[in-house]
Amino acid sequence: MPYVDRQNRICGFLDIEENENSGKFLRRYFILDTREDSFVWYMDNPQNLPSGSSRVGAIKLTYISKVSDATKLRPKAEFCFVMNAGMRKYFLQANDQQDLVEWVNVLNKAIKITVPKQSDSQPSSDNPSRQGECGKKQVSYRTDIVGGVPIITPTQKEEVNECGESIERNNLKRSQSHLPSFTPKPPPDSAVIKAGYCVKQGAVMKNWKRRYFQLDENTIGYFKSELEKEPLRVIPLKEVHKVQECKQSDIMMRDNLFEIVTTSRTFYVQADSPEEMHSWIKAVSGAIVAQRGPGRSAAAMRQARRLSNPCIQRYTSRAGECSTYVGHANVPS
């Protein structure tokens, strides 16, 4: 799912057919930067790559004429959309239908170019309908780059200013803070609560590597990949004091960073999006509450909180629902 990073760029993972008509889609990390007029992609999030790593590909936004759903063009490619850029069509695959719609919308908004209206002192000679004098109609035009050729078309939405002029209504500002979220499909194994790729920091070298995480009722483990059967490490949930969004994310220059605090170590984990980060925090916290159960006395819970700050279970009165509270004793907020 696309999200806005700390540099106000829209980012996220997509699959792209880098070689035209190859039918082979590769996972890449995309950055839409309107200030740099570019849509670029990397092997992974640049935060996780060695310093100075080059991008895999890039397209100038002015070269993109249209972005649209490609279901009919590529019926075998699920959640596929296409970017028309000059003589080339770029086919990409989103994570789901909602992700597809959001990417198509933000890309189409980014490639729109509005030509500003001419001032009163510079009336257009080849457009009689565009006049700078007060009280006369002034038509706004939009320029789209189609196959490298500028196409000028009059806009449809107009409004009247103080002098009675007709001007274009500015609808190009996009909302970046309310991107829709999506919930990935649960893994087929009913014993597994949540699974997926994240990036974690190493204990010794402090480098960042992508690992496949898997949460079940008693443990959270990570593997080198989803094809591996033996985990690199297993963390018992009984040793986890809390899981929360990392307060040092700005210092560590990492987006979507959360931490799993255990008796012996704090694990720093980076998700691919804000939605995924909150999903992991909720899933791990819920698993901890479910494992510890309701049979603990209030005194025992208070003592446990003083000693190890565990997740505390708090029940609501409706339909046996429960919610979690991650306690942190004697630490200012």
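Contact means that heavy atoms lie within 4.5 Å. By that definition Ser68, leaving aside its neighbours within four places in sequence, is in contact with Phe81, Val82 and Val104. The model is predicted: local features need pLDDT of at least 70, side-chain atom pairs count only at pLDDT 80 or more, and totals for chains, interfaces and linings use all residues. Residues are numbered from 1 along each chain as its sequence is written, and side-chain values use heavy atoms, with hydrogens and water left out.

**Ser68**
- Ser68 belongs to strand β6, residues 64–69 (strands are DSSP runs of E, at least two residues, and helices runs of H or I, at least four, numbered from the N terminus).
- Ser68 has a relative accessible area of 19% and is therefore buried (buried is under 20%, exposed over 50%, partly exposed in between, with a 1.4 Å probe and protein chains only).

**Trp41**
- Trp41 lies in strand β4, residues 38–42, and is buried, with a relative accessible area of 5%.
- Phe30 is eleven residues from Trp41 along the chain, yet their C-alpha atoms are separated by 4.2 Å.
- Beyond its neighbours within four places in sequence, the contacts of Trp41 include Ile16, Arg28, Val56 and Tyr90.

**Helix α2**
- Helix α2 covers residues 274–292 and has 19 residues.
- From first C-alpha to last, α2 reaches 28 Å, close to the 27 Å expected at 1.5 Å a residue (the expected span is 1.5 Å times one less than the number of residues).
- Among the buried residues of α2 are Met277, Trp280, Ile281, Val284 and Ile288.
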